[in-house]
Amino acid sequence: MTIYQNLIAGEWVGTNATKNINPSDTNEVVGLYADGSAEDTKNAIAAAKAAFPAWSRSGIWERHVILKKTGDEIMARKGELGALLAREEGKTLPEATGEVIRASQIFEFFAGEALRLAGEVIPSVRPNIGVEITREALGVIGIITPWNFPIAIPAWKIAPALCYGNTIVFKPAELVPACSWAIVDILNRAGLPKGVLNLVMGKGSVVGQAMLESPDVAGITFTGSTGTGRRVAAASIEHNRKFQLEMGGKNPMVVLDDADLSVAVEAAANSGFFSTGQRCTASSRLIVTEGIHDKFVAALTDKLKTLVVDNALKAGTHIGPVVDERQLKTDTDYIEIGKKEGAKLAFGGEVISRETPGFYLQPTLFTEATNQMRISREEIFGPVVSVIRAKDYDEALAIANDTPFGLSAGIATTSLKHATHFKRNSEAGMVMVNLPTAGVDFHVPFGGRKGSSYGPREQGKYASEFFTVVKTAYTLA
Ligand SMILES: NC(=O)C1=CN([C@@H]2O[C@H](COP(=O)(O)OP(=O)(O)OC[C@H]3O[C@@H](n4cnc5c(N)ncnc54)[C@H](OP(=O)(O)O)[C@@H]3O)[C@@H](O)[C@H]2O)C=CC1
Ligand SMILES: O=C(O)CCC(=O)C(=O)O
């Protein structure tokens, strides 16, 4: 098997490799991907540093063309890349293809943004002096991404970094290197100068750690677990480096007595179980008021009975496998914790076998949970959801906000008064009314509050806040 190599200073390098395994069929090796070293990371950082002066002063048309070409190629290859994503991560083919389309749209969006870079010219408070406010590129950006969105998250970090004139060292999650390799290959062929984008696949504890320790990395954008996020923060403060963290969620969805039952059930099933619950925006706490509680639980349970858990590539599959054995163990451990805590297992809870050997878990619903249980407080990151009773809207809102996280929050209601109040008073970065808590647009800000996020928002034009530094220049006329 050929080894998909790392890209360092414009050269494909690396002979050590790890296997990328398909979680729907563990007999299948998706490919062999380079296992980079700390030395590789240092070389990549040096290459990015050397490429920075020229790229940060490159013309906006050059950046536009490269980003546009990349978006176009990703879209043209959406079927093939969608299948690759489904094979390496376990998302169903329609979900994976949707994610590939989203990555393409992100590149198209930032291709447009490159042509809209602008500053401000304003008068000084002193006579005969002009003031210019501009945004300049930050420098070498370290990009560390998780396994759950193998193409969209790299896209929404790489595209703005390049658009605003930064150079990059990119370390994807070890479990899902294939889509990352593919977009780096596309960008490289689209004409990026050598050293502007460097790919170092390998272990977080080796490649990621070497990035954290380098004084030459001016900014790190990270998505992943809270534990690793804290390491990124501590190391970055040491180097006076800018950093941006997107971490976990324990996102609530409130269902009120006046909700449209079918809207509420669709939103809850999508939020909690699609993408196998492996989304930081997934809703794993359904907070349901007394009047609709029993009807809602019955209808959601009926819906879960119809969902097919199977190989991600198979037509008709609604829920693919869990990403790997370690995450499956985390999920099943939490199911045991939920039972011991006294929550009622209303549906699922079992690991299941399919035609191909993989990490298949039934969608799992607990009822009679309280917000103090560990299953209600800690991010599980699997298809495991709890229903918590609330006596009325006020109590439901209080429970929704009683969490260390604050990424997204949803409400199912037909009341304008409650929807408006919830949008205003939810302590989350993203609020959804009669919609799933997961599945966001590519052109508007993404991010949360409290323990979920740190630093400026990602995506849309708000991304410039992280990827640039502001300069104020005064000139005597
Ligand atoms: N908010 C989100 O979107 C996500 C949240 N999670 C949460 O995190 C849990 C664990 O997932 P996991 O993949 O282990 O998350 P991690 O935080 O370990 O992984 C995220 C990224 O950080 C890298 N990394 C790991 N250790 C270091 C380090 N010391 N220095 C720098 N980079 C490092 C990883 O590399 P490598 O993969 O090679 O180890 C990966 O690229 C999940 O169960 C879930 O709760 C996970 C993914 C996404
Ligand atoms: O819900 C989405 O669309 C994005 C979720 C996400 O970015 C994540 O889970 O990391």
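I looked at residues 17–472 and found 42% helix and 22% strand, with the end C-alpha atoms 47 Å apart. Helices (H or I, at least four residues) and strands (E, at least two) are DSSP runs numbered from the N terminus. UniProt, in an unreviewed entry, places "domain: Aldehyde dehydrogenase" at these residues, 17–472; such annotations may be inferred rather than shown by experiment.

I noted that the model is predicted, that local features need pLDDT of at least 70 and side-chain atom pairs 80 or more, while totals for chains, interfaces and linings use all residues. Residues are numbered from 1 along each chain as its sequence is written, chains are lettered from A and ligands numbered from 1 in the order written, and side-chain values use heavy atoms, without hydrogens and water.

I took the domain assignment (automatic or from a database): domain 1 is 3–247 + 452–476 and domain 2 is 252–433. Their C-alpha centres lie 31 Å apart.

I checked contacts (heavy atoms within 4.5 Å): 24 residues of domain 1 touch 27 residues of domain 2.

I looked up the buried area (accessible area, 1.4 Å probe, lost on being put together, summed over both parts). It is about 2000 Å², 59% of it from carbon and sulfur atoms. In domain 1, S24, W147 and S452 lose the most area to domain 2, together 26% of what that side buries.

I searched for salt bridges (Lys or Arg side-chain nitrogen within 4 Å of an Asp or Glu carboxyl oxygen) between the domains, and the count is zero.

Note on methods
Buried area is the accessible area (1.4 Å probe) that two parts lose on being put together, summed over both.
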